[in-house]
Amino acid sequence: MKKNLILAAALLTTLTATAQTEVTVGVMRGKDYGVTYMLPKTELEIVLQITRHTYTPGVFCQYAGRYLQQKQVSTEPEEHWTLDNIQLNTVGTPDREHVYFVKLKDKTVAPLMELTEDGIVRSINLPFSGTPAKQPENTVNRQEKQLPDPNKFLTEEILLAGSTAKKAELVAKEIYLMRESRNDLLRGDAENTPQDGMQLKLMLDNLEEQEQALTEMFTGHTTKQTKDVSIRITPAEMKDKVAFRFSQKLGLLDKDNLAGEPYYLTITNLNTPSLPTYEETDGKKKDELEGVAYNMPGRAKITLKQGNHLLLETETPLTQFGTIEYLAPVLFNKNSTTTVLFDTTTGGLLKVDRQ
């Protein structure tokens, strides 16, 4: 027995060194040697894609109607927010109320377990899965292309004009000349129309970029900053509970901030009455059980509404509505090799193979 413990400890240490900190190393609890692990509990993650739109008036905004026939151009700076997309995810977090210890006994290999960085059981007797890359929170999704400085395209005549109105008139003429040049290139009427398609595209793109830069001297420019924001919610049965608030003027707000419109979350337990669990039928306390604990998650229906508009409706497994079961120790004797894969979000079984 002592030799077996020493060999098993050496094997576990080797695995740990190879897989960094992901494969558990044996620990002592009293006189027993084994592995401590946790089951996950499920959290809901609402991912909101929000965009801030910032409008800056152009220097010739008051002349946009006169020279470009654009009557609705604002002369005042503005800022508003839009909620572009809503996504619901489930995330597994360590449930520190459900911590378990698997003893390393003679004729058993159950403690050869892989855990996540948070100590949640991931697999038994499977090759190391590697560490998934963590996604940064509140990441910017899109970067707008910056237009060139329109002042680079101003002619000497424009720069020497004695009034703002005259400058606006001359810039408008440049815009119309660029449009004519682009149309001539598209029709093939220009004197120096390139024969090469790539060169033609480059010329058209440059003309469009210059025209847009000069046009924004009248219409103004709107910048957009888009990012993802995550909201974590611990699920429980609830009906029309405010998950967050959103305002076009202020953006994402706390659920208690009445300046924004409320978004209501409803979680309904879909489980039917469950059968007695292993723990209940056996009459033992969980600390006395020698099997490997796992979750049998329940199911929930989740809806998200804004007023009378249904924005999201889905069904998903949740540990909070399920039970805890145990894999019998006999599965892990030396007569065969049993491999187990767990869902690290719910703690449920994904696969059990015995060879």
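Axes are lines fitted to C-alpha atoms, for helices over the stretch in contact, and angles run from 0 to 180 degrees between N-to-C directions. Helices (H or I, at least four residues) and strands (E, at least two) are DSSP runs, numbered from the N terminus. The model is predicted: local features need pLDDT of at least 70, side-chain atom pairs count only at pLDDT 80 or more, and totals for chains, interfaces and linings use all residues. Residues are numbered from 1 along each chain as its sequence is written, and side-chain values use heavy atoms, with hydrogens and water left out.

**Helix pair H4 and H5**

Helix H4 (residues 164–187) and helix H5 (residues 197–219) have axes that come within 10 Å and cross at roughly 155°. H4 is therefore roughly antiparallel to H5, a term that applies to angles over 145 degrees. The crossing of H4 past H5 is left-handed, meaning that the near helix is turned anticlockwise from the far one by less than a right angle. On the H4 side, the residues in contact (heavy atoms within 4.5 Å) include Ala168, Val171, Ile175, Met178 and Leu185. On the H5 side they include Leu200, Met203, Leu207, Leu214 and Phe218. The residues of this contact divide into 14 nonpolar, 3 polar and 4 charged. In this division Ala, Val, Leu, Ile, Met, Phe, Trp, Tyr, Cys and Pro count as nonpolar, Asp, Glu, Lys and Arg as charged, and the others, Gly among them, as polar.

Thr193 is placed in the loop between H4 and H5. Leaving aside neighbours within four places in sequence, Thr193 is in contact with Leu185 and Gly188. The C-alpha atoms of Thr193 and Met203 are separated by 9.5 Å, with the two residues 10 residues apart along the chain.

**Two open sheets**

Strands pair if DSSP finds at least two bridges between them. An open sheet of 5 strands has the order E9-E8-E10-E11-E12, with antiparallel pairing. Its edge strands, each pairing on one side only, are E9 (251–253) and E12 (309–327). From one strand to the next, the twist averages 30°.

A second open sheet has 4 strands in the order E4-E5-E13-E14, and its pairing is antiparallel. Strand E4 (113–115) and strand E14 (349–354) stand at the edges with a single partner strand each, so one side of each is left without a neighbour in the sheet. The twist here averages 15° from one strand to the next.

| Strand pair | Sense | Bridges |
|---|---|---|
| E11 (residues 292–306) and E12 | antiparallel | 14 bridges |
| E8 (residues 238–247) and E10 (residues 261–269) | antiparallel | 6 bridges |
| E10 and E11 | antiparallel | 6 bridges |
| E5 (residues 121–124) and E13 (residues 338–342) | antiparallel | 2 bridges |

Individual partners can also be named. Lys305 has Leu310 in E12 as its bridge partner, and Asn269 has Ala300 in E11. Phe244 stands opposite Tyr263 in E10, while Ser123 stands opposite Leu341 in E13.

**Salt bridges**

Side chains of opposite charge can pair when their charged atoms come close. A search of the whole structure finds 11 salt bridges, each defined by a side-chain nitrogen of Lys or Arg within 4 Å of a carboxyl oxygen of Asp or Glu. One of them joins the side chains of Arg232 and Glu43 at 3.1 Å, N to O. Arg232 lies in strand E7 (residues 221–233) and Glu43 in strand E2 (residues 32–56), so this pair ties together parts that are 189 residues apart in sequence.

Key:
Parallel < 35°, antiparallel > 145°, perpendicular 65-115°, else oblique.
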